[in-house]
Amino acid sequence: MLNDKLKNYLHLHFLVFIAGFTAILGKLISINAVSLVWYRMLFATILMIAYVKLFKVNLQITKKELIKLCLAGVIIALHWITFYGAIKVANISIALAMFSTGAFFASFLEPIFYKRKIIPYEIFFGLIVILGVYLIVQSEIQHLTGMILGMVSAFLSSLFAVLNGKFLEQHSATKISFYEFLSGVIFITIYIALFGEGFTASFFSINASDIGYLLLLASICTAYAFIASVYVMRYISPYTVVLTYNLEPIYGIILALILFPETEIMSSSFYIGAFVILAVVLFNGIIKNLKYLKRKRKHKPL
């Protein structure tokens with residue numbers, strides 16, 4: 001039988017695999033990115049409400065904190081819209097390669113929000129990431145719009161992660177996600193009603209396969225993945241979790257190559273650039289994990 005530690009590590013990798021699979025679902029779902037994210041957040045919010053009711057989660061919050069969580073909900077909605085938008089106008093590989101630049105943005109955002117100095121090696125890593133992006137852009141210039149959307153998505157994801165790190169100092173993960181999902185749905189609803197096509201009969205006329213994929217995306221890939229990741233972080237260090245989640249683009253790109261070879265096979269320069277970005281992200285995560293373990297040992301009581 002597997003020991004508990006190994007079970008949690010395998011569970012974590014399964015969650016990362018699920019994260020990579022969300023890009024596959026984005027390709028399979030035929031509706032546009034805005035509608036896709038509206039349905040995803042709506043279904044996830046409904047499941048979250050059921051979870052809150054079942055476990056009697058306390059949702060009390062001040063007006064000031066509610067506004068902050070609502071703004072974060074808008075950010076995650078825009079992150080998902082630009083991410084799936086990148087998949088729609090380019091492909092999965094482009095979207096995930098650009099999404100990997102999130103660690104580069106985080107190296108500048110974290111010092112601002114946590115009031116720490118910029119670490120010199122992070123600047124160096126950032127320059128290498130730019131080199132990787134350049135290799136991809138010059139070889140896949142026809143996908144430039146998708147690349148821009150992917151990098152915007154990466155920036156918004158990093159901003160969202162940094163903000164959530166601050167929120168977790170005061171609130172439970174369930175409370176944070178509930179208000180963020182709810183505010184995201186409200187934001188997209190207003191956008192569709194005022195600037196989109198509106199909630200016409202055609203908006204709700206989606207085929208059976210799309211409904212199935214959306215339910216899978218909202219339940220397993222969103223609600224379950226959120227709850228399970230919180231559970232896993234009780235037994236595995238946060239830095240190990242973050243480092244492992246950096247494998248998401250690798251899992252996603254491999255899956256895309258297997259499932260959609262006709263649209264996902266890219267030039268050699270793309271894979272060199274993607275490898276450079278992913279290697280930097282993983283190496284950065286390893287360094288941070290080693291520093292975390294060193295600090296932990298240093299402060300461990302004798």
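1. At the start of helix 4, a side-chain oxygen of N91 comes to within 3.3 Å of the backbone nitrogen of S93. Helices here are DSSP runs of H or I with at least four residues, numbered from the N terminus.

2. Please keep in mind that this is a predicted model, where local features need pLDDT of at least 70, side-chain atom pairs count only at pLDDT 80 or more, and totals for chains, interfaces and linings use all residues. Residues are numbered from 1 along each chain as its sequence is written, and side-chain values use heavy atoms, with hydrogens and water left out.

3. Helix 4 (residues 92–99) is mostly covered, with eight of its eight residues buried (under 20% relative accessible area, with a 1.4 Å probe and protein chains only). Among them are I92, L96 and F99.

4. Now look at T101, in the loop between helix 4 and helix 5. T101 counts as buried because its relative accessibility is 1%. Leaving aside residues up to four places away in sequence, T101 touches V129, V133, M151, A154 and I277 (contact means heavy atoms within 4.5 Å).

5. Which residues make the contact between helix 5 and helix 6? The axes (lines fitted to C-alpha atoms, over the stretch in contact) of helix 5 (residues 102–114) and helix 6 (residues 120–139) come within 9 Å. F104, S107 and F108 of helix 5 meet E122, I123, G126, V129 and I130 of helix 6.

Conventions: Axes fitted to C-alpha atoms, helices over the stretch in contact; angles between N-to-C directions. Helix = DSSP H or I, 4+ residues; strand = E, 2+ residues; numbered from the N terminus. Buried < 20%, exposed > 50% of the residue type's maximum accessible area, 1.4 Å probe, protein only. Polar contact = N/O pair within 3.5 Å; in protein donor to acceptor, adjacent residues only side chain to side chain.
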